[in-house]
Amino acid sequence: MQSLTFPYLIMAPDYRESSQGIQVMHQLGHMINQQGGKAWMVGCTVNPQWNTPRLDEESWHAIIHGGQPYIAVYPEVASGNPLSAPVCVRYMLNREGVIMKNRLEEGPDDLFFWYRKEFAEKAVNPDILRIESFDLDLFCDDNPDKDRDLLYLNRVPESAVDFSLLPPGIQILSMRNPLSLQETGGSVKAHARALFV
């Protein structure tokens, strides 16, 4: 595959399960490597279960002295071209400036891909690159018997919930009290009925 012959450097925040956009950037690196390409994650921690090596000094030296162009992929939270890549790709996982209040400072030849059409705003015929990072098998619930209660608090503060009205032994999940996707998927799949607030 011609498009995978060049090195990809993917700039992303540290991997975490609570951000779909971050997962998508890391999943992109994993997919490139699984298809026989060469992709490295830049400046972040990675998911050890995925094929997403961090860019180290030796690999960086080999890339910049390798005599071929390399491709930098930046999310919309990155400005400019900090890796001085000859080919610069903008992967717009949101609208410009929404999360970091930054400007892209893109170059005239930068390539743009959008995760969703709504993020493209005024672009004509936007290139959509939608990468799904859900493990649907993890959350497939085929067990009719539930023996565990979960309450996920998101938009409602804990101070607004009357916990005395909830079943005894209910487990509270929130951004402050998270479970990993594996823990949540296993719990919900086999045992739990969940309430979302």
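**View 1. Strand β1 and its parallel partners.** Two strands are taken to pair if DSSP finds at least two bridges between them, and in this predicted model strand β1 (residues 8-11) and strand β2 (residues 39-42) are joined in parallel by 4 bridges. Within this pairing, Leu9 has Trp40 of β2 as its bridge partner.

**View 2. The nonpolar cores.** The largest nonpolar core comprises 23 residues, and those with the most contacts inside it are Tyr8, Ile10, Met25, Leu28, Ile32, Val73 and Tyr91. At least two residues of this core come from each of β1, α1, β2, β3 and β4 (87-92), with α1 giving the most, namely 4 residues. Another core, of 11 residues, lies apart from it and has Trp40, Ala78, Leu83 and Ala85 among its members.

View 3. Asn33 belongs to helix α1 (residues 20-34), and it is classed as buried because its relative accessible area, 13%, falls under 20%. When its neighbours within four places in sequence are left aside, Asn33 is in contact with Lys38, Ala39, Asn51, Thr52 and Pro53.

View 4. A pair of aromatic rings is described by the distance of the centres and the angle of the planes. With ring centres required to lie within 6.5 Å, the count comes to 3 aromatic pairs. One of them is formed by Trp60 and Tyr70, whose ring centres are 5.8 Å apart and whose planes make an angle of 80°, an edge-to-face arrangement. This pair links distant parts of the chain, since Trp60 lies in helix α2 (residues 57-64) and Tyr70 in the loop between α2 and β3 (71-75), 10 residues apart. Trp60 is partly exposed, with a relative accessible area of 23%, whereas Tyr70, at 8%, is buried.

**View 5. The stacked pair of Phe112 and Trp114.** Phe112 and Trp114 form an aromatic pair with a centre-to-centre distance of 5.6 Å, and the pair counts as stacked because the 25° between the planes is under 30 degrees. Phe112 is partly exposed, its relative accessible area being 22%, while Trp114 has a relative accessible area of 11% and is buried.

View 6. Most residues other than glycine have a negative phi. Ser84, found in the loop between β3 and β4, has a phi near 50°, a positive value in a residue that is not glycine. With a relative accessible area of 55%, Ser84 is exposed because this value is over 50%. Glu105, situated in the loop between β4 and β5 (111-114), likewise has a positive phi, near 55°, in a residue other than glycine. Which accessibility class does Glu105 fall into? At a relative accessibility of 57%, Glu105 counts as exposed.

Technical notes
Residues numbered from 1 in each chain as written. Predicted model: local features only at pLDDT ≥ 70, side-chain atom pairs only at ≥ 80, totals over all residues. Heavy atoms only, no water. Phe/Tyr/Trp six-rings, centres within 6.5 Å; stacked < 30°, edge-to-face > 60°. Buried < 20%, exposed > 50% of the residue type's maximum accessible area, 1.4 Å probe, protein only. Contact = heavy atoms within 4.5 Å. Core = buried A, V, L, I, M, F, W, Y, C linked by side-chain atoms within 4.5 Å.
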